Amino acid sequence: MTPDREKFRQLLSPFIDGELSPSDRRWVEAYIADNPGAAADVAELRSTVAEISASFAQQAEAVDWEAFTESVMRGLPSIQVSRWERLRSSLSQMWSWQRGAVLAGAVGAGVALAVAVPLTLNHVGPKGYGASKLEIQNVSVDSPASVSPLVTKTEDGDAVIWMVEDPVDAGIPDKGPKAFEKEL
Amino acid sequence: MRRGLQALAVGCALVATRVLAQDGVVRVQAVVVYASGEEGKIDGSLTAMHSALSTKAKYLTLRKLSAQRLDLSRKPSKIKLAHDITAEISLVSMRDNVAQVLAKVPPLEAIYQLAKGKSLYIQAGKMDAGDLWLVLSDPRSL
């Protein structure tokens with residue numbers, strides 16, 4: 001067998017299947033043109049391939065695929081998967097295919113939590129501020145002091161402790177030089 | 001995924017811990033203010049104080065000298081005023097989420113109960129040509 005004949009035999013099957021590169025295809029076509037026997041080889045192989053394909057198609061049509069599927073599924077071992085395992089598997093797949101969305105959702109949830117918790121606690125109010133009215137329970141000054149305290153209250157509920165040198169001059173009844181308390 | 005979720009969980013826990021820790025102490029905002037009847041400027045954050053004092057004093061200058069947040073306990077928290085006086089603030093008691101606070105601004109001593117959003121203004125003495133004031137407030141109302 002000549003080297004060209006050997007090369008033709010190797011390229012014949014891919015030639016019929018349309019799998020050759022353009023240069024190999026041109027080589028085969030030139031070889032067929034120069035060798036009339038080669039054209040017969042091509043025709044014969046094409047005929048054989050067609051017959052085999054038709055045969056496979058007939059066999060495939062004869063198969064009951066629905067029964068085949070059921071048969072395969074029946075053959076699989078029965079495995080009890082826990083709910084947690086199913087959840088883990090779902091999360092794992094979600095992480096594999098939707099990582100961006102999962103990350104965005106997690107970050108969003110974290111931010112929402114970080115904002116919501118302080119807001120909720122602020123609504124409840126800070127510790128120690130359970131009263132609605134500021135009350136002065138006791139005011140006094142050290143005995144050597146020359147000033148006296150005067151307590152007033154504002155319309156907003158704030159309280160002011162003034163230190164006055166002369167309660168009488170300040171319009172306050174003199175309740176003693178060293179201590180003064182005014183009921184709010 | 002596990003690392004990301006762990007990091008997120010740790011972050012949320014830290015935020016929650018910080019918030020809860022903040023909520024676990026009694027806090028007051030202590031502001032030292034210089035007030036004068038001389039022509040000047042009323043600090044923008046002190047307009048409420050200006051209004052509160054206006055019934056008895058016509059201050060034309062209110063200037064914030066210092067501001068700090070105090071975590072109150074039985075042990076007094078000290079506030080250095082602008083002159084030689086040091087004020088002391090401490091927690092006296094706590095009942096039904098109402099804190100009783102002792103404020104010592106020599107020679108004055110006052111015990112009062114905190115109230116949400118309310119402020120106590122204490123005249124703390126003379127300074128230069130004006131007065132010194134200590135303002136104790138709900139830190140979240142400012």
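**View 1. Chain A as a whole.** Of the 184 residues that make up chain A, 24% count as buried, where buried means under 20% relative accessible area, exposed over 50% and partly exposed in between, using a 1.4 Å probe and protein chains only. Please keep in mind that this is a predicted model, in which local features need pLDDT of at least 70, side-chain atom pairs count only at pLDDT 80 or more, and totals for chains, interfaces and linings use all residues. Residues are numbered from 1 along each chain as its sequence is written, chains are lettered from A and ligands numbered from 1 in the order in which they are written, and side-chain values use heavy atoms, with hydrogens and water left out. Chain A has 6 helices and 3 strands, and along the sequence they follow the pattern α-α-α-α-α-α-β-β-β. Here helices (H or I, at least four residues) and strands (E, at least two) are DSSP runs, numbered from the N terminus.

View 2. Over all chains, the structure holds 4 aromatic pairs; rings of Phe, Tyr and Trp (its six-membered ring) pair if their centres lie within 6.5 Å, and planes under 30 degrees apart count as stacked, over 60 as edge-to-face and the rest as tilted. One of these pairs is A:Phe8 with A:Tyr31, stacked at 4.8 Å centre to centre with 25 degrees between the planes. A:Phe8 belongs to helix H1 (residues 3-16) of chain A and A:Tyr31 to helix H2 (residues 22-34) of chain A, so the pair ties together parts that are 23 residues apart in sequence. A:Phe8 counts as buried because its relative accessibility is 0%. A:Tyr31 also counts as buried, at 10% relative accessibility.

**View 3. A:Trp27 beside A:Tyr31.** The ring centres of A:Trp27 and A:Tyr31 are 5.4 Å apart and the planes lie at 15 degrees, so this pair is stacked. These two residues are 4 apart in helix H2 of chain A, which means about one helical turn separates them. A:Trp27 is partly exposed, with a relative accessible area of 24%. Together, A:Phe8, A:Trp27 and A:Tyr31 form one aromatic cluster.

**View 4. Lysines over tryptophan rings.** Which residue lies over the face of A:Trp27? That residue is A:Lys7, at 4.4 Å from the ring centre. A charge sits over a ring if NZ of Lys or CZ of Arg is within 6 Å of the ring centre and within 35 degrees of the ring normal. B:Lys56 lies over the face of A:Trp162, at 5.9 Å from the ring centre.
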